[in-house]
Amino acid sequence: MGIDYSYEIFVPARNVTRALTELAALAPTINPRPPLTVTLPGGDQVLLPFTSHFESDPVDCSTGGTLDLDTTIMVGVDDDAMREFAEPRHWERAEHGRIPVGYVYLTVRFATAWHPGYASLDFTAATTGMSLAFKRSASFEAVFTGLTAASGGVCCVLDTEEATRQICWLNGEPTRETVPSPRFADYRALAASWPAREP
């Protein structure tokens, strides 16, 4: 049984369209499958270069709930962990020093239990090797903290299936805090540090 590490990004709920658009910009430029049409709460529609449950049929999330996507993300090979992770099959599709990494499974929750008005994007590695790269690679962290910033997100957390989780981004700044910790006893305490309204 492998390990399933993940990065979770928290954004104002009204920023989900923006977050998915920014995520789509991280996909490979060549996609052999047709774009996926997703209808979001509030009626916004986005075209995404990904699949949902490995299908390209339109997905209607207009009533809320969750959205599951199978994503491929371009990541720079800028550190030893990424060079170790990279394989010849990745390099065949390299673009400007970045390689495609997929599948990275994404679950979008349009509301969080800890803070009204915030949504989460939870990216889970598909393999043990990818999980280890999530933990060890500064390039991976830069992708997810960069996506958090570009989406107007407030928090990015790395879950390595341990008792504590690493907070990588909080309220506009990179950080090295953890939850639980003396400052944040749990996720509810972490969410209490987020702006009451959209930043």
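These legends go through a predicted model, one close-up at a time.

Ground rules: this is a predicted model in which local features need pLDDT of at least 70 and side-chain atom pairs count only at pLDDT 80 or more, while totals for chains, interfaces and linings use all residues. Residues are numbered from 1 along each chain as its sequence is written, and side-chain values use heavy atoms, with hydrogens and water left out.

Figure 1. Helices (H or I, at least four residues) and strands (E, at least two) are DSSP runs, numbered from the N terminus. Of the 199 residues, 49% are buried; here buried means under 20% relative accessible area, exposed over 50%, and partly exposed in between, with a 1.4 Å probe and protein chains only. As for contacts (heavy atoms within 4.5 Å), take the ones between residues at least 6 apart in sequence: 56% of them join residues at least 24 apart.

**Figure 2. The surface and charges of the protein chain.** The accessible surface comes to about 9700 Å², and carbon and sulfur atoms own 52% of it. Areas come from the Shrake-Rupley method with a 1.4 Å probe, and for residues only the protein chains shown count as cover. There are 15 positive and 25 negative side chains, with the centres of the two sets 4 Å apart. Lys and Arg count as positive, Asp and Glu as negative, and His and the chain ends are not counted. Each charge is placed at NZ of Lys, CZ of Arg, CG of Asp or CD of Glu.

**Figure 3. The buried side of helix α1 (residues 16-24).** Which residues of α1 are buried? They are Val 16, Ala 19, Leu 20 and Leu 23. These four cover an arc of only 95 degrees around the axis, which puts them on the same side of α1. The arc is that of the directions from the helix axis to the C-beta atoms. The partners they pack against are β1 (6-12), β3 (45-48), β5 (66-76), β6 (98-109), β7 (118-125) and α5 (138-150).

**Figure 4. Helix α4 (residues 128-136) and what it packs against.** Met 130, Ser 131, Ala 133 and Phe 134 are the buried residues here. Their arc around the axis is only 160 degrees, which puts them on the same side of α4. They pack against β1, α2, β6, β7, α5 and β8 (155-159).

**Figure 5. Phe 85 in helix α2 (residues 80-85).** Phe 85 counts as buried, at 13% relative accessibility. Setting aside neighbours within four places in sequence, Phe 85 is in contact with His 90, Ile 99, Val 101, Gly 129, Met 130 and Ala 133. Two of these, Met 130 and Ala 133, are also on the list of buried residues of α4. Lys 135 is 50 residues from Phe 85 in sequence and 12 Å away in space, C-alpha to C-alpha.

**Figure 6. The loop between β3 and β4 (59-60), from Ser 52 on.** Is Ser 52 buried or exposed? Ser 52 is buried, with a relative accessible area of 9%. Its contacts, leaving aside neighbours within four places in sequence, are Leu 36, Val 59, Asp 68, Leu 69 and Asp 70. His 53, in this loop too, is exposed at 54%. His 53 has a positive phi of about 55 degrees although it is not a glycine. Phe 54 has a positive phi as well, near 65 degrees, and counts as partly exposed at 38% relative accessibility.

Figure 7. Val 179 counts as buried, at 2% relative accessibility. Not counting residues up to four places away in sequence, Val 179 touches Ala 163, Thr 164, Arg 165, Ile 167, Phe 184, Asp 186, Tyr 187 and Leu 190. Thr 164 is 15 residues away in sequence but 5.5 Å away in space, C-alpha to C-alpha.

**Figure 8. The cis peptide bond from Gly 102 to Tyr 103.** Omega is near 0 degrees here, and Tyr 103 sits in strand β6.
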